[in-house]
Amino acid sequence: GHNSVRRAVMGSEDRDPTAEEQAHMEALVEQAMRDGAVGFSTGLIYVPGTYSKTPEVIGLARAAAKYNGVYASHMRNEETRIYDAIDEAIAVGRETGMPVEISHFKLSGKRMWNKSDRIISMVEEARAEGIDVNVDQYPYTASSTNLGVLLPSWALAGGREEFRKRVADPATRKKIIQEAKKDIRTDVGFKRLDYAVVASCSWDHSLEGKSIAQINKEKGRKNNLDAQLETVVEIQEKGGAQMIYHKMSERDVERILRFPYSMVASDGGVRRFGAGMPHPRSYGTNARVLGRYVRERNVLRLEEAIRKMTSLPAQRFRLVDRGLIRPGMWADVVVFDEKKVTDTATFEKPHAYSEGFAYVLVNGEVVIEDSKHTGARPGQILLGPGVE
C-alpha cells in the first residue's frame, strides 16, 4: 500500500521524496512483495498519497513489477478530472508492463453523470494498445470514505494537530472553506451537503446516520454550504468521521457493470453487527448483484455475474488455484437459490445479512450450512508470486 509505505518513510508531509526516501520506499515495496503481497496499490485521493506525483508512483510500482505484481489504484480523482486520473493509472501500466486494476470504477458527482461510456472507452483503448487494464465496482450509487476528502488536501498535511493549527487561524480557516466550497460546487455539482451522511463517528455516536446538512441544522446554523462546511471543519477538528456520499448515477452503475472487464468488489470491511451506520455494501454486495441486477433488472446473465465475482478476480490477482470449480482447485463453493437470493441491508438499516445462501464451503470445509454459520474457520492467507 502506497500510503502505508509513504507514511513510514515521510510521514504525512506534502512534498516530493528525496532520492534516498524514494529508494527507501522502493525497498519497502520489494520487501513486501517477498513477504507475499500480490502487488502495489495506491489511494491517490488520500493523505499522504495525494501529495505524490506520477514518477514516484511509477518507481514504486516498478519495484513490485520485479516480482510479477499487479498495480491496483484508487485513482487521484473520480469527478471532473477523472480522465487525467485514468490516464495516470494507464501510464503506470504502460511504463512498468504491469497489469492495472482500477479500483471501484465510477463517476462521482452530478457534473459527470452519464459519461461512463467515455471512461469505459478509455480502458478499451488502453487494452487495444496492449496494456492489461481491468476495473472493479460496487453496485451502489453511494460511496463511503472519510470526511477529510471534502477538504483541500494541503489542509490535512502533517496530521490532526497541524490541521488544528491551520483552522485556528481565521484567514486560513476561511481559505479552506472557500476551496472546499468551490470543489463541491464545480467538481461535484451539489449546492449543499445533504448527500454526505455520517456512517461512524468514534467520538460522538449521536451523529451516525445524520447528514452534514442535518447536523448543521441541529446546531442552529444557516442552510447554506458555507455554514455546512464550518460544521465539517469542526467535526474534522475533533477527530473526523467515516462518511457515506450519495452522489452517483444508477445508469452509470449499470453501464459499468455490463462492461466485460469489470469485476464485483464490495470495497467494504467486516463490520461489528449493530455498530454505527456503515455502507450496506459490507453485507449485501454480491447478493445485490445476483438479486437486483441479474434477476430483477436483467443487466447481466447469471453466469457473467458469477464470473465477475470468482474467476475474473482470481485471475487478475494471480490466485492460480482459485475461482473455478474443477479438479485440482481449492473447493471454495457457494450454493444459493437464484430465485430467492437478495440483499436486505439498506442505508437506513445496514446491519442485515443477505438471504438465499444455503451453503458455503471454504477450502472444502462447510462454513455455512442451512444458512447458518458452523463456527468453522478454514480460511488461510494467500501469498503473492514473489514470496520467498
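**Notebook: patches, strands, backbone**

I began with Arg185, which sits in helix H7, residues 170–188. Helices here are DSSP runs of H or I with at least four residues, strands are E runs of at least two, and both are numbered from the N terminus. The model is predicted, so local features need pLDDT of at least 70 and side-chain atom pairs count only at pLDDT 80 or more, while totals for chains, interfaces and linings use all residues. Residues are numbered from 1 along each chain as its sequence is written, and side-chain values use heavy atoms, with hydrogens and water left out.

**Surface patches**

I looked up the accessibility of Arg185: it counts as partly exposed because its relative accessibility is 33%. (Buried is under 20% relative accessible area, exposed is over 50%, and partly exposed is in between, with a 1.4 Å probe and protein chains only.) Arg185 belongs to a positive surface patch with Lys110, Lys191 and Arg192. Patch members have over 30% relative accessible area and no salt bridge; like charges are joined within 9 Å, and nonpolar side chains (Val, Leu, Ile, Met, Phe, Trp, Tyr) within 5 Å. A salt bridge is a side-chain nitrogen of Lys or Arg within 4 Å of a carboxyl oxygen of Asp or Glu. Lys and Arg count as positive, and His and the chain ends are not counted. I noted that a charge is placed at NZ of Lys or CZ of Arg.

I then found a nonpolar surface patch of Ile381, Leu383 and Val387, with about 300 Å² of accessible area together. Areas come from the Shrake-Rupley method with a 1.4 Å probe. Ile381 lies in the segment after strand S12 (372–373) and counts as exposed because its relative accessibility is 71%.

**Strand pairing**

I checked strand S7 (residues 242–246), which runs antiparallel to S5 (residues 142–146) and is joined to S5 by five bridges. Pairing requires at least two DSSP bridges between two strands. Ser144 stands opposite Ile244 of S7. S7 is also joined by four bridges to S6 (residues 196–200), again antiparallel, and there Ala196 has Tyr245 as its bridge partner.

**Backbone**

Which peptide bond is cis? I found the one joining Val47 and Pro48, with omega about 5 degrees. Pro48 is in the loop between strand S1 (39–43) and helix H3 (54–65).

Asn68, in the loop between H3 and strand S2 (70–74), has a positive phi near 65 degrees. His104 has a positive phi of about 30 degrees, and counts as buried because its relative accessibility is 8%. Most residues other than glycine have a negative phi, and most peptide bonds are trans.
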